[in-house]
Amino acid sequence: MEDFDFIGLCERRYSCRNYSDLKIEKETLDTILRAAQLAPSACNRQPWRFYIVEDADKRAELLAKSKPAFLAAPVVIAAVGLHDVAWHRPSDGKDHTDIDVAIAVEHICLAAADQGVGSCWVCSFDVEAARRVLKLTEGEEPIALIPLGYPSDAAIPNKDRKPLHEIIRHA
Ligand SMILES: Cc1cc2nc3c(=O)[nH]c(=O)nc-3n(C[C@H](O)[C@H](O)[C@H](O)COP(=O)(O)O)c2cc1C
């Protein structure tokens, strides 16, 4: 994989808010889900479940309190954390569910970008609606929704980022 351009992939991943209704092929979705499966997690607990939501009514209910642009995405992945499964650091009890799920979500977003599929992290959603639509049990927490679909606009927005000198410190 000498010529794999990881930074180029990071540049191409952006929060997509313009989706076409083109279907995502099963193999493409499977590749994206494999990336989630490969994510690291504390003590390899893998404290997650990924619910694939394609039904339009369910997507609408899930995203009712999110940006309307996400409704056009043909697939929504709901990333759900399992607090009882996650590693809790013995020294202070810190629950690592959110960290683990976040890594897997970003694997999904990067893998989607690699496949030419648009994605967006969505944490601004109606948690109760998500619990209802996904029929979650008490131990399951919906952490992020990820609308997935082919972008209707090919332009990649400029990255608005703090300069490196502002975020790096040499200790
Ligand atoms: C944890 C998290 C939650 C986010 N929640 C939302 C959201 O609810 N709605 C939304 O439109 N974007 C959401 N975003 C996307 C951010 O706004 C976006 O990542 C940031 O502005 C940088 O832009 P970029 O992803 O295009 O590089 C979220 C991103 C992260 C990492």
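Is β2 largely enclosed by the rest of the structure, or how many of its 8 residues are buried? A few notes on that and its surroundings follow.

1. Of the 8 residues of β2, 7 are buried, so the strand is largely enclosed by the rest of the structure. Buried here stands for 20 or more other C-beta atoms within 10 Å of a residue's own, exposed for 12 or fewer, and partly exposed for anything in between, with C-beta atoms placed from the backbone. Helices (H or I, at least four residues) and strands (E, at least two) are DSSP runs, numbered from the N terminus.

2. A word on the source: this is a predicted model, in which local features need pLDDT of at least 70 and side-chain atom pairs count only at pLDDT 80 or more, while totals for chains, interfaces and linings use all residues. Residues are numbered from 1 along each chain as its sequence is written.

3. The sheet is open, with 4 strands in the order β1-β2-β4-β3 and antiparallel pairing. Its edge strands are β1 and β3, each of which pairs on one side only. Two strands count as paired if DSSP finds at least two bridges between them.

4. Strand by strand, β1 and β2 are joined by 6 antiparallel bridges, with Val-53 partnered by Val-76 of β2. Between β2 and β4 there are 8 bridges, also antiparallel; here Ala-78 faces Leu-145 of β4, and Val-75 faces Leu-148. Strand β3 (residues 118–119) runs antiparallel to β4 over 2 bridges, where Ser-119 stands opposite Leu-148.

5. What about β4: how many of its 10 residues are buried? The count is 9, so β4 is largely enclosed by the rest of the structure.

6. Helix α4 lies across β1, β2, β3 and β4, at about 160° to β2. Helix α5 packs on the sheet and touches β1, β2 and β4, its direction making about 85° with that of β4. Angles run from 0 to 180 degrees between N-to-C directions, and axes are lines fitted to C-alpha atoms, for helices over the stretch in contact.

7. The largest nonpolar core has 37 residues, and Leu-62, Val-76 and Leu-145 are among those with the most contacts inside it. Such a core is a set of buried Ala, Val, Leu, Ile, Met, Phe, Trp, Tyr and Cys residues joined through C-beta atoms within 7 Å. Its largest share, 8 residues, comes from α4. Beyond its neighbours within four places in sequence, Leu-145 is in contact (C-beta atoms, placed from the backbone, within 7 Å) with residues including Leu-62, Val-76 and Phe-125.

8. Arg-59 sits in helix α3 (residues 56–62). With 21 C-beta neighbours inside 10 Å, Arg-59 counts as buried. Leaving out residues up to four places away in sequence, Arg-59 touches Val-53, Leu-71 and Val-76.

Terms used:
Contact = placed C-beta atoms within 7 Å.
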